[in-house]
Amino acid sequence: MTQDRAIYLLKLTSIGTVIFGLIPLFALAGSYYGVVGWFMDLTHLPLDGAQGFGNDSEKVLAAIGGGLMVGLGFMIWQITIRVYANDPSTGATIIHWGIWSWFVVDSAGSVLSGAWFNAVLNTGFLLMFILPLMLAKPRQAIAA
């Protein structure tokens with residue numbers, strides 16, 4: 001994979017992360033709690049309607065988590081275009097530290113809270129960020 005392709009994929013995944021992070025905000029703004037409630041139920045498999053999105057604590061934690069996802073997406077976009085594009089090694093190191101630390105804490109907390117399936121879902125996000133970094137060949141290596 002070329003570095004340019006990796007940049008494209010990282011930017012695409014960053015946009016997806018921002019969109020995913022905005023879902024709780026739109027749910028709260030429009031009282032569309034069903035989407036977030038369904039996701040909460042999904043993370044606590046089986047899909048049985050036992051979990052939801054209704055009390056104030058769930059709403060504020062969803063807002064905080066959504067905000068962090070939006071921030072993570074924008075931050076990785078900026079690291080991708082301002083650091084990784086010019087210095088792949090440094091940019092990849094910064095992204096790796098950020099993504100892996102998010103993955104470990106989020107997944108461990110999910111398992112400890114009984115939402116083990118969220119750790120499985122987190123693996124998808126992890127791979128969407130890590131694989132382009134692992135598979136990319138810097139421009140200099142391709143030109144040689």
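Select Ser-110 first. In this predicted model, Ser-110 counts as buried because its relative accessibility is 7%, and buried means under 20%. Ser-110 sits in helix H4, which covers residues 88-112.

Now show the side chain of Ser-110.

Next, display the neighbours. Leaving out residues up to four places away in sequence, Ser-110 touches Ala-115, Trp-116, Asn-118 and Ala-119.

Move on to helix H5, residues 116-135. Pick Val-120, which has its place in this helix. Is Val-120 buried or partly exposed? Its relative accessibility is 44%, so Val-120 counts as partly exposed; that class runs between the 20% limit for buried and the 50% limit for exposed.

Now go inside. Nonpolar side chains tend to be buried together in soluble globular proteins. Here, the largest nonpolar core has 20 residues. Which residues have the most contacts inside this core? Select Tyr-84, Ile-95 and Ile-99. Then colour the helices: H1 (3-30), H3 (56-84), H4 and H5 each supply at least two residues of the core.

Finish at Ile-95. Which residues does Ile-95 touch, not counting those up to four places away in sequence? Show Leu-10, Ile-76, Ile-79, Thr-80 and Leu-133.

Terms used: Residues are numbered from 1 along each chain as its sequence is written. This is a predicted model: local features need pLDDT of at least 70, side-chain atom pairs count only at pLDDT 80 or more; totals for chains, interfaces and linings use all residues. Side-chain values use heavy atoms; hydrogens and water are left out. Helices (H or I, at least four residues) and strands (E, at least two) are DSSP runs, numbered from the N terminus. Buried means under 20% relative accessible area, exposed over 50%, partly exposed in between (1.4 Å probe, protein chains only). Contact means heavy atoms within 4.5 Å. A nonpolar core is a set of buried Ala, Val, Leu, Ile, Met, Phe, Trp, Tyr and Cys residues joined through side-chain atoms within 4.5 Å.
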